[in-house]
Amino acid sequence: MESQTQPNHQRTIVITGANKGIGFAIIEKLLASANSYNIILTARDPHRGEAAVKKLSATQTQSASTLTYHRLDVNDDKSIQEFIDWLNKDGLKIDVLVNNAGIMHAKASLEQRKQTIQTNYLSLVHLTERLIPLLTDDGKVINISSILGSFAMISPSLKMELEKPNLTEEDLQRLVDNIEKYHQDFTGAFDSSYCASKALLNAWTQWVLPKKLKETQQCYCLAPGWCATDLGGHSAPLTAHDGADTPVYLIELPFKKHADLNAKFIEKRQVIPF
Ligand code: NDP
């Protein structure tokens, strides 16, 4: 299928870490939409991924969209390559990449802090860079960040670094290389590198990613709100469905440049400060 030049083709939406939580809820909403999508639910574990597809297919029998599972562990380059090979084999392009997979550890050990930076930031960046060549000319990259990644929530020293305008990839890599320094003086809500990982993601979405995309492609990072999921804890005030609202809103926006939203941080469908 060659989707680049067909204005009304069935859009292909790829969602990472979608076997549960907000990613799963995004797909549930897309399946209920009147629009027809080619949805690719990815998950690192085939049993959990296939079980999710089975559950969604059983409840959304009237959907206009198609739903497929493919394995994707964002931390595993072999898995990323297998996913790319599979897309290429079917000539599939990606219209929307939703980078949703994420982890959080409270009172994290040093190893868990490193894993958090790896999964929530470094692997997301790497996966996106690998998939950009498959993104359609009017494609979108939607990064699921967090209000905990807003610059008000991170250590003052990291905040000072990330607020410098026109940050480059090299600047961000230098911060990652010294991230332990920023863990130590972390003053946010959790004793974890979660806030730093999402703040790095916000800075990358604002300054670096737009330069890697074509003028006609778009990117966003968003805060879904505190939602009751395994990551958010089950006493959170919002549901995963509530958290899926802004991602689905951005997916369903017309495929044209939205200069007011592009490369911005978005919560409840509105631009908020980084
Ligand atoms: P869940 O724990 O319910 O889901 C996280 C998903 O990420 C799971 O499917 C998990 O897979 C997957 N995942 C983790 N590591 C990898 C990996 N290496 N490769 C592929 N998939 C992976 O959390 P949420 O739904 O709450 O979180 C989704 C996103 O929303 C995250 O980025 C999170 O940071 C963000 N967020 C969530 C908030 C909340 O309150 N819930 C608030 C703000 C942001 P598996 O089942 O195999 O572990």
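I count a polar contact when two N or O atoms lie within 3.5 Å. The model is predicted, so I kept to its limits: local features need pLDDT of at least 70, side-chain atom pairs count only at pLDDT 80 or more, and totals for chains, interfaces and linings use all residues. Residues are numbered from 1 along each chain as its sequence is written, and side-chain values use heavy atoms, with hydrogens and water left out.

I then looked up R44, where a side-chain N or O atom is 2.7 Å from an oxygen atom of the ligand. At G102 a polar backbone atom is 3.4 Å from a ligand oxygen. The protein covers 95% of the 900 Å² of accessible area that the ligand has on its own (Shrake-Rupley method, 1.4 Å probe).

Next I checked for disulfides, meaning pairs of cysteine sulfur atoms within 2.5 Å. I found zero. C219 is in no disulfide either, with the sulfur of C221 the nearest at 7.9 Å.

Last, I looked up burial (buried is under 20% relative accessible area, exposed over 50%, partly exposed in between; 1.4 Å probe, protein chains only). C195 is buried at 1%, and C219 is buried at 1%.

Notes. A polar contact is a pair of N or O atoms within 3.5 Å; within protein, one must be able to donate a hydrogen and the other to accept it, and residues adjacent in sequence count only if both atoms are side-chain atoms.
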